[in-house]
Amino acid sequence: MNRNLSLCLALVLLSIVNTFAQPVATTMPRIIEKDGRHALLVDGKPFLMLGGQAHNSSAWPGMMPNVWRAAEALHLNTLEVPIYWEQVEPEAGHFDFSVVNTLISQARQHKVHLVLLWFATWKNGSNHYMPEWMKRDAAKYPDVINPKGQPVDSPSPNVKATLDADIKAFTAVMSYLKTTDTQHTVLMVQVENESGAWGSVRDYSPLAQKMFEGQVPAALMTPGVLAALNAPVVGSGTWQQVFGDRADEYFQAWSVARYIGQVAAAGKAVYPLPLYVNAALREPFGNPTANNYESGGPTDNVLPIWKVAAPAIDIEGPDLYLNASDKVLKVIDLYDRRDNPLFVPEAGLIAENAKYFYTVLAHGGIGFSPFGIDDNGVAEKAALMTERLSPFAQEYAAAAPMMRQLAEWAFDGRIKAVVEREDHADQTIDLGAWQADVKFGGDGRANAAPVYNQATGKLLVAKLAENQFIVMGTRCHLSFQPLGANAGKAWQYLKVEEGRYENGTFKSLRILNGDETDWGGPGFGNTPTVLRISLVVR
Ligand code: DGJ
């Protein structure tokens with residue numbers, strides 16, 4: 001064989017090997033629902049996004065090496081990364097997908113999937129990612145006007161020219177994905193980022209005011225929607241008449257959701273990927289009014305409006321930056337709805353937040369993602385970032401080999417979880433025939449005194465059978481007691497195996513017994529341990 005021919009053959013072989021090594025999805029990713037729970041199907045099977053999001057300005061080819069380093073350190077399987085309108089359409093009607101193309105081909109090399117974030121009309125309530133040609137033309141693409149008649153730093157959701165421009169650009173993005181991403185590296189697209197307005201509850205421009213003084217659209221006037229919005233069921237009326245002191249914020253939510261719903265619908269018509277929006281949350285307790293939060297985005301109180309106004313959006317997802325576990329748990333409850341698959345697109349990169357990965361699974365969620373995983377161009381931050389990623393990285397490293405099982409169990413409603421609260425109080429989990437008793441605040445040894453100030457402990461239980469469980473956790477201690485007909489009876493561990501999943505099968509490393517189970521049951525230390533536990537009543 002001559003030298004050129006062997007080189008050719010070697011290259012062909014290499015490309016075949018590469019093709020098979022990459023995450024190649026043969027069918028479109030899609031979301032399905034069963035008994036009010038959801039799954040993201042990738043290659044036809046439930047998939048759990050072990051996600052991480054790059055910093056806002058890191059999705060440029062020159063910055064991506066840092067992002068990939070972080071992605072590897074985090075053991076993620078799905079990178080969330082922005083794509084910028086200002087880069088994609090630098091001149092009106094002239095599209096440049098070179099950066100999108102780089103992101104997709106690098107993701108394939110790194111064997112991970114992508115969630116692309118369309119930073120366009122809204123980014124945290126402002127229009128800072130609009131292309132320059134739009135920024136220069138405030139008359140055509142105006143801002144929200146506040147009650148004093150002054151513009152605020154947020155695009156008006158009521159202007160057709162802006163909407164048309166976004167639809168055109170987003171449709172071009174989705175067409176590009178359709179033609180180039182035939183192996184479905186991209187799993188979902190986030191439409192805009194934390195939409196809404198800071199600084200004015202709604203748009204008071206003459207155009208918006210006229211709409212506000214008109215009738216509430218019929219789609220909102222159904223008994224179900226009105227009841228969900230705590231409004232009296234009436235046949236018709238203006239925003240003020242129907243919604244009273246909530247009229248301004250509901251009008252703004254309708255306006256933003258209608259706008260984004262139309263952008264999403266146009267993109268989906270071209271290429272039907274799952275689409276979602278993320279929410280800058282409001283405080284989940286006390287029903288605060290919109291002058292206290294980013295008005296118009298998919299906050300919990302206006303989810304019924306978003307569901308009606310933007311049906312092409314599959315998921316409204318909460319960005320978790322709240323600092324108390326009761327608030328975070330409440331938010332997760334509020335976004336876990338029959339009509340809303342649970343996905344946490346962002347969580348602050350603090351150690352306490354890693355535990356909510358378990359809560360999301362217990363709610364049948366499809367993915368979780370800490371925000372800002374890379375060093376953001378500050379090389380000296382690299383070591384610090386590795387440390388900050390660590391609590392999440394350890395969870396993902398343990399979860400990755402059993403990702404498909406976790407996704408199945410979550411979809412089947414087999415997972416329950418508890419997370420350590422700030423008071424380190426003990427908690428219980430009802431598993432049907434058994435109750436799990438979970439003690440926090442220790443270091444995993446029996447009866448240990450609290451040693452951690454941070455509330456980072458967590459425990460997840462997947463019920464395999466009546467008396468058999470997969471358990472995963474950190475910084476807690478676990479025991480059981482029989483419930484129901486067997487309550488009060490003596491019981492024992494039949495077997496407690498420590499191990500890990502490999503290719504869908506649990507591989508036992510050792511059987512825990514004696515000191516490791518006798519003193520109040522198995523303990524979980526700083527790094528997550530996976531146990532398979534069988535129990536027996538005697
Ligand atoms: C939430 C936004 O969605 C992100 O893009 C980022 O700005 C963070 N807040 C702040 O770090």
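**View 1. The whole protein, with its secondary structure and overall dimensions.** In this predicted model, the secondary structure of the protein amounts to 16 helices and 23 strands. Its radius of gyration is 25 Å, close to the 24 Å that the globule rule gives for 538 residues, so the protein is as compact as a globular protein of that length. Along the principal axes, the C-alpha atoms fill a box of roughly 80 × 75 × 45 Å.

**View 2. Burial, surface and contacts in the protein.** Of the 538 residues, 55% are buried, while the accessible surface of the protein comes to about 21,900 Å², with 52% of that area belonging to carbon and sulfur atoms. When contacts between residues at least 6 apart in sequence are considered, 74% of them join residues at least 24 apart.

**View 3. The shell of residues around the ligand.**

View 4. A polar side-chain atom of E346 lies 2.6 Å from a ligand oxygen atom, and for K123 the corresponding distance from a polar side-chain atom to an oxygen atom of the ligand is 3.0 Å. E194 likewise places a polar side-chain atom 3.4 Å from an oxygen atom of the ligand. Taken alone, the ligand exposes 290 Å², of which the protein buries 76%.

Definitions and conventions: Residues are numbered from 1 along each chain as its sequence is written. This is a predicted model: local features need pLDDT of at least 70, side-chain atom pairs count only at pLDDT 80 or more; totals for chains, interfaces and linings use all residues. Side-chain values use heavy atoms; hydrogens and water are left out. A polar contact is a pair of N or O atoms within 3.5 Å; within protein, one must be able to donate a hydrogen and the other to accept it, and residues adjacent in sequence count only if both atoms are side-chain atoms. Accessible areas come from the Shrake-Rupley method with a 1.4 Å probe; for residues, only the protein chains shown count as cover. Helices (H or I, at least four residues) and strands (E, at least two) are DSSP runs, numbered from the N terminus. The radius of gyration is taken over C-alpha atoms; the globule rule is 2.2 Å times the number of residues to the power 0.38. Buried means under 20% relative accessible area, exposed over 50%, partly exposed in between (1.4 Å probe, protein chains only). Contact means heavy atoms within 4.5 Å.
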